[in-house]
Amino acid sequence: MRKNNFDIVRLALAAIVVFVHCYDLSLAPRLVFFVHYLNAHIAVEGFFAISGFLIFASYDRCSSIWEYTQNRAWRILPGYWLSTLFCLAIAFSMHSFHVGKFLIANLTFATFLQPNIPGVFTNNPENDAMNGALWTIKIELMFYVAVPFIAWVCRRINRDVVLWSLFALSVIFRTVYASHEKLVIQLPGQLSFFMIGAIVYYHLAWFKRHGLWLMAGAAACYGVYLYTDWFFLRPFAIAGLTMGACHLLPHFEGPTKFGDFSYGTYILHYPIIQLVVATGFF
């Protein structure tokens, strides 16, 4: 079976987020050139498209809900807990011990309730959040929970009708609430990218047969989206190009031949950057 590029694409998307956050959190003018053409939101949307493919594949491979739950827990929790411990270590090193609310918010995946620890990063130019990247982990966890229910409905109703309906409802939500910037990036606003990934998974052979044309169409969709700002084109563009890079481009491992570093990079980079900014490095 032909190898894919999931690991290297995920690492590239994580690197984009890191570079953008280096500028966003430091506001260092020298970094403007490097991040001018990078977009962290697009990188995250690419992550969600990959998740749609891989999580449905994981669910189908599992013989029970318990096995699926274990696999998903081992995927997300160790790194998440490590990032929480790392943030606590930073706080303690700065002699800030009022961590109760932060710890509770993190352990319940409600980081938006207490993103900061009093006395830590208070002089950083952008914000004092300990790990502002964790908002996506909450969405990822909700995807994990939703997939068994979606798969159950798909077995009772036409699968493609279910998946495309969820895609359409997500696009409608994103369009109706477009003025609410913080709302539309939550669920169900991100579900459209996830659904494209799932649709590619269930039609992978067809996608590979017509992939080059589909990638060209995705690139055209992105160009039209930039000109018109019609959101419904964006999931086709971002998810289509991401899936194409994973399945159609020549296989390339690079540093991922030593392992998949994308999740660790993503979940730990924010507090590291905040710490570096606090030291005055930038």
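1. Phe-109 lies in the loop between α5 (100–107) and α6 (135–156). In this predicted model, Phe-109 takes a positive phi of about 60°, although it is not a glycine. Its relative accessible area is 15%, so Phe-109 counts as buried.

2. The loop between α5 and α6 also holds Phe-121. Phi of Phe-121 is positive too, near 60°, in a residue other than glycine. Phe-121 is buried, at 3% relative accessibility. Most residues other than glycine have a negative phi. The backbone at Phe-109 and at Phe-121 may deserve a look when the model is inspected.

3. The peptide bond that joins Leu-187 to Pro-188 is cis, and its omega is near 0°. Pro-188 is placed in the loop between α8 (181–184) and α9 (191–202). Most peptide bonds are trans.

4. How many disulfides does the structure hold? There are 0. For Cys-154, the closest cysteine sulfur is that of Cys-62, at 17 Å, which is too far for a bond; a disulfide needs the two sulfur atoms within 2.5 Å. Cys-154 is also buried, with a relative accessibility of 10%.

5. Cys-221 is likewise in no disulfide. The nearest cysteine sulfur to that of Cys-221 belongs to Cys-246 and is 18 Å away.

Technical notes:
Residues are numbered from 1 along each chain as its sequence is written. This is a predicted model: local features need pLDDT of at least 70, side-chain atom pairs count only at pLDDT 80 or more; totals for chains, interfaces and linings use all residues. Side-chain values use heavy atoms; hydrogens and water are left out. Buried means under 20% relative accessible area, exposed over 50%, partly exposed in between (1.4 Å probe, protein chains only). Helices (H or I, at least four residues) and strands (E, at least two) are DSSP runs, numbered from the N terminus.
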